[in-house]
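Let's take a friendly walk through this model, from its strands to its aromatic rings. Keep the viewer open as you read.

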Amino acid sequence: QLQLVESGGGLVQPGGSLRLSCTVSGRTLNYYSIGWFRQAPGKEREGVVCISMNDISTYYKDSVKGRFTISRDNAKNTVYLQMNSLKPEDTAVYYCAADTWCSWSPYGMDYWGNGTLVTVSS
């Protein structure tokens with residue numbers, strides 16, 4: 001019943017910034033946990049960050065701490081991922097996912113968007 005659509009990806013130079021958006025429809029946003037995952041070619045999909053329902057907690061992958069920030073705007077039914085100081089290793093397709101509670105495993109999240117490509121390159 002839940003639909004998620006990502007936007008904001010693109011090409012950026014190392015050290016640059018992007019803001020990804022995840023627009024959610026079908027249910028009340030605040031009662032879902034929303035995570036961002038990414039998948040690079042030849043690699044497994046990995047959890048990047050998650051914000052829990054009612055903003056109880058946030059969880060960040062160690063390699064993005066201090067660079068990425070997740071936030072939620074319930075009035076706009078949108079979750080944002082602000083990405084600063086981007087590195088080439090951040091290059092991946094980024095996916096928005098939703099479930100009752102956060103999970104680091106993609107298999108623990110029930111609802112997914114189709115992804116948006118982020119390329120960090122000179």
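**A buried tyrosine and its surroundings**

Y95 is buried, since its relative accessible area is 13% (buried is under 20% relative accessible area, exposed over 50%, and partly exposed in between, using a 1.4 Å probe and protein chains only). Before going on, please note that the model is predicted: local features need pLDDT of at least 70, side-chain atom pairs count only at pLDDT 80 or more, and totals for chains, interfaces and linings use all residues. Residues are numbered from 1 along each chain as its sequence is written, and side-chain values use heavy atoms, with hydrogens and water left out.

Now for the rings. A search of the whole structure turns up three aromatic pairs (rings of Phe, Tyr and Trp, the last by its six-membered ring, pair if their centres lie within 6.5 Å; planes under 30 degrees apart are stacked, over 60 edge-to-face, and the rest tilted). One of them joins Y32 and Y111 edge-to-face, at 6.5 Å centre to centre and with 85° between the planes. Y32 lies in the loop between β3 and β4 (33-39) and Y111 in strand β10 (residues 111-112), so this pair ties together parts that are 79 residues apart in sequence. Strands here are DSSP runs (E, at least two residues), numbered from the N terminus. Y32 is buried at 10% relative accessible area, whereas Y111 is partly exposed at 26%.

Y95 and W112 also form an edge-to-face pair, with 6.3 Å between centres and 75° between the planes. Because Y95 belongs to strand β9 (residues 92-99) and W112 to strand β10, the pair links parts 17 residues apart in sequence. W112 is partly exposed, with 26% relative accessibility. Together, F37, Y95 and W112 make up one aromatic cluster.

What sits over the ring of Y95? The charged end of R45 does, 3.8 Å from the ring centre (the criterion is NZ of Lys or CZ of Arg within 6 Å of the ring centre and within 35 degrees of the ring normal). R45 also lies over the face of W112, at 5.0 Å from that ring's centre.

Finally, let's turn to the sheet. Four strands form an open sheet, ordered β1-β3-β8-β7, with antiparallel pairing (two strands pair if DSSP finds at least two bridges between them). β1 (3-7) and β7 (68-73) stand at the edges with a single partner strand each, so one side of each has no neighbour in the sheet. Five bridges join β1 to the antiparallel strand β3 (residues 18-25), and S7 stands opposite S21 in β3.
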